Amino acid sequence: MTYEEQILHILSKVGERGISVSMLAKHVYNMNCTLFSQPDMQEIHRIVQQYLLKNSKSSQSLIESTGRRGYYRLNTSNNAVARQLMLDFREEEIQEEEIEEEKPQQDLSLSLFDDYLS
């Protein structure tokens, strides 16, 4: 996933309440940290901030400010793409939950008392 996709995914999860730029940057940073590489936190914060500012300029933009300074959310009231993103991510989560529920759990534990009961 690219940074932009990760930002949109996180914004779709937080919903109407929005999220601060610093928290969003931390989430993106954590999504990209691995055992062998760690991105620069200041660089990710700068990328996230620029992306949010660039995509929240008008009332028809994909992202909007919540009214609190530094908090953003998807603009679901004036942007059809944002509404579709919310639906796509929700459907994806539902499908993942259904897959997990369909797998029956097999009991692989060993019984200590099978030899004594027979």
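Visitor: How do the axes of α1 and α2 cross, and within what distance do they come?
Guide: In this predicted model, the axes of helix α1 and helix α2, the latter covering residues 21-32, come within 10 Å and cross at roughly 125°. With angles over 145 degrees counted as roughly antiparallel and 65 to 115 as roughly perpendicular, α1 and α2 are therefore oblique to each other.

Visitor: And is that crossing left-handed or right-handed?
Guide: The crossing of α1 and α2 is right-handed. On the α1 side the contact is made by Tyr3, Gln6, Ile7, Ile10 and Leu11, and on the α2 side by Leu24, His27, Val28, Met31 and Asn32.

Visitor: How do those contact residues divide into nonpolar, polar and charged?
Guide: For the contact of α1 with α2, the division is 7 nonpolar and 3 polar residues, with no charged ones.

Visitor: OK, what about α1 and α3, at what angle do they pack?
Guide: Helix α3, which spans residues 41-54, packs with α1 at an angle of about 70°, and the two axes are 11 Å apart. Because angles of 65 to 115 degrees count as roughly perpendicular, α1 and α3 are described as roughly perpendicular to each other. The crossing of α1 and α3 is right-handed.

Visitor: Which residues make the contact there?
Guide: From α1 they are Tyr3, Glu4, Ile7, Leu8 and Leu11, while α3 brings in Ile44, Ile47, Val48, Tyr51 and Leu52. By class, the contact of α1 with α3 has 9 nonpolar residues, no polar ones and 1 charged.

Visitor: Switching to the sheet: in what order do the strands come?
Guide: The open sheet is formed by 3 strands in the order β1-β3-β2, with antiparallel pairing. Strands β1 (19-20) and β2 (63-65) stand at the edges, and each has a single partner strand, so one side of each is left without a neighbour in the sheet.

Visitor: Over how many bridges do β2 and β3 pair?
Guide: β2 and β3, the latter being residues 71-74, pair in the antiparallel sense over 3 bridges. The bridge partner of Glu64 is Arg73 in β3. Helix α1, residues 3-14, packs on the sheet and touches β1, β2 and β3, and the direction of α1 makes about 90° with that of β3.

Visitor: Last one, is Met1 buried or exposed?
Guide: Met1, which is found in the segment before α1, has 62% relative accessibility and therefore counts as exposed, the cut-off for that being over 50%. The C-alpha atoms of Met1 and Asn32 are separated by 9.3 Å, although these residues are 31 residues apart along the chain.

Note on methods
Residues are numbered from 1 along each chain as its sequence is written. This is a predicted model: local features need pLDDT of at least 70, side-chain atom pairs count only at pLDDT 80 or more; totals for chains, interfaces and linings use all residues. Side-chain values use heavy atoms; hydrogens and water are left out. Two strands pair if DSSP finds at least two bridges between them. Helices (H or I, at least four residues) and strands (E, at least two) are DSSP runs, numbered from the N terminus. Contact means heavy atoms within 4.5 Å. Axes are lines fitted to C-alpha atoms, for helices over the stretch in contact, and angles run from 0 to 180 degrees between N-to-C directions. Angles under 35 degrees count as roughly parallel, over 145 as roughly antiparallel, 65 to 115 as roughly perpendicular and the rest as oblique. A crossing is left-handed if the near helix is turned anticlockwise from the far one by less than a right angle, and right-handed if clockwise. Ala, Val, Leu, Ile, Met, Phe, Trp, Tyr, Cys and Pro count as nonpolar, Asp, Glu, Lys and Arg as charged, and the others, Gly among them, as polar. Buried means under 20% relative accessible area, exposed over 50%, partly exposed in between (1.4 Å probe, protein chains only).
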